[in-house]
Amino acid sequence: MEKEPSCVLENEAEFEKVCASVRSGYSLLVLGEAGTGINDFAHALYEELLGEFHCAIAIYKGSLKNFFMAIAFQLDIPTENENGKPMTVEQLKEEIAVNCSEETLLILPEAKRLTTSIRYWLEDLMAMGVT
């Protein structure tokens, strides 16, 4: 039985194309103007693919630490070092990268907010096969 997204999407055909592309291993950038339901689209994508991929959804809101902590938490990746101290941003980035695979899906609504350092980190992840 197929899952139904919890929100109503205006363009189901486009949603299905995106799902099929992700399932085929493509990394995608889906853009939409404010008020067009792009965040609903992102959350529906998360819900649709959660059982097939190790998924995380995160929005960058000015704090690198919070952004990477949110991703690590959702992927069940440690956020503390062996001494029980919180990891630095660089340590979190490395830990997430080491623990990601082709079965990892990162959904990043509001991608236009991402810093250059996050974009370079994402390029490295994509080169490793993360979608």
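**Figure 1. Leu50 in the loop between helix H2 and strand E1 of the predicted model.** At a relative accessibility of 40%, Leu50 counts as partly exposed, because that class lies between the limits of under 20% for buried and over 50% for exposed residues. This residue belongs to the loop that joins helix H2 (38–49) to E1. Along the chain, Leu50 and Thr104 are 54 residues apart, and their C-alpha atoms are separated by 9.8 Å. The structure shown here and in the following views is a predicted model.

**Figure 2. Overall arrangement of the chain.** The chain contains 5 helices and 2 strands, and from the N terminus on its elements follow the order α-α-β-α-α-β-α. The C-alpha trace spans about 50 × 30 × 25 Å along its principal axes. A compact globule of 131 residues would have a radius of gyration near 14 Å, and the 15 Å found for the chain agrees with this. Of the 131 residues, 35% are buried. When contacts between residues at least 6 apart in sequence are considered, 64% of them join residues at least 24 apart.

**Figure 3. The largest nonpolar core.** This core has 24 residues, of which Phe67, Ile71 and Leu106 touch the most other members. Helix H3 (64–74), helix H4 (89–99) and helix H5 (116–127) each contribute at least two residues to the core. Apart from it lies another core of 15 residues, including Leu49, Phe53, Ile57 and Ile107.

**Figure 4. Surroundings of Ile71.** With neighbours within four places in sequence left aside, Ile71 is in contact with Ala56, Ala58, Ile96, Leu106 and Leu108. Ile71 is also one of the residues that touch the most other members of the largest nonpolar core. The C-alpha atom of Ile71 is separated by 9.6 Å from that of Lys93, 22 residues away along the chain.

Figure 5. Beyond its neighbours within four places in sequence, Ala58 is in contact with Phe67, Ala70, Ile71, Ile107, Leu108 and Pro109.

**Figure 6. Lys93, a buried lysine in helix H4.** Lys93 lies in helix H4 and counts as buried at 12% relative accessibility. Not counting residues up to four places away in sequence, Lys93 touches Phe68, Ser117 and Trp121.

**Figure 7. Asp76 in the loop between helices H3 and H4.** Most residues other than glycine have a negative phi. Asp76, although not a glycine, has a positive phi of about 55 degrees. The residue is located in the loop between H3 and H4. At 72% relative accessibility, Asp76 counts as exposed, because the limit for that class is over 50%. From Asp76 to Glu94 the separation is 18 residues in sequence and 14 Å in space, C-alpha to C-alpha.

**Figure 8. Glu110 in the loop between strand E2 and helix H5.** Glu110 is not a glycine, but its phi is positive, at about 60 degrees. The loop that holds Glu110 runs between strand E2 (104–107) and H5.

**Figure 9. Surface and charges of the chain.** The chain exposes about 8,200 Å², and carbon and sulfur atoms supply 52% of this area. The chain carries 10 positive and 22 negative charges, and the mean positions of the two sets are 8 Å apart.

Notes. Residues are numbered from 1 along each chain as its sequence is written. This is a predicted model: local features need pLDDT of at least 70, side-chain atom pairs count only at pLDDT 80 or more; totals for chains, interfaces and linings use all residues. Side-chain values use heavy atoms; hydrogens and water are left out. A nonpolar core is a set of buried Ala, Val, Leu, Ile, Met, Phe, Trp, Tyr and Cys residues joined through side-chain atoms within 4.5 Å. Buried means under 20% relative accessible area, exposed over 50%, partly exposed in between (1.4 Å probe, protein chains only). Helices (H or I, at least four residues) and strands (E, at least two) are DSSP runs, numbered from the N terminus. Contact means heavy atoms within 4.5 Å. The radius of gyration is taken over C-alpha atoms; the globule rule is 2.2 Å times the number of residues to the power 0.38. Accessible areas come from the Shrake-Rupley method with a 1.4 Å probe; for residues, only the protein chains shown count as cover. Lys and Arg count as positive and Asp and Glu as negative; His and the chain ends are not counted. The place of a charge is taken as NZ of Lys, CZ of Arg, CG of Asp or CD of Glu.
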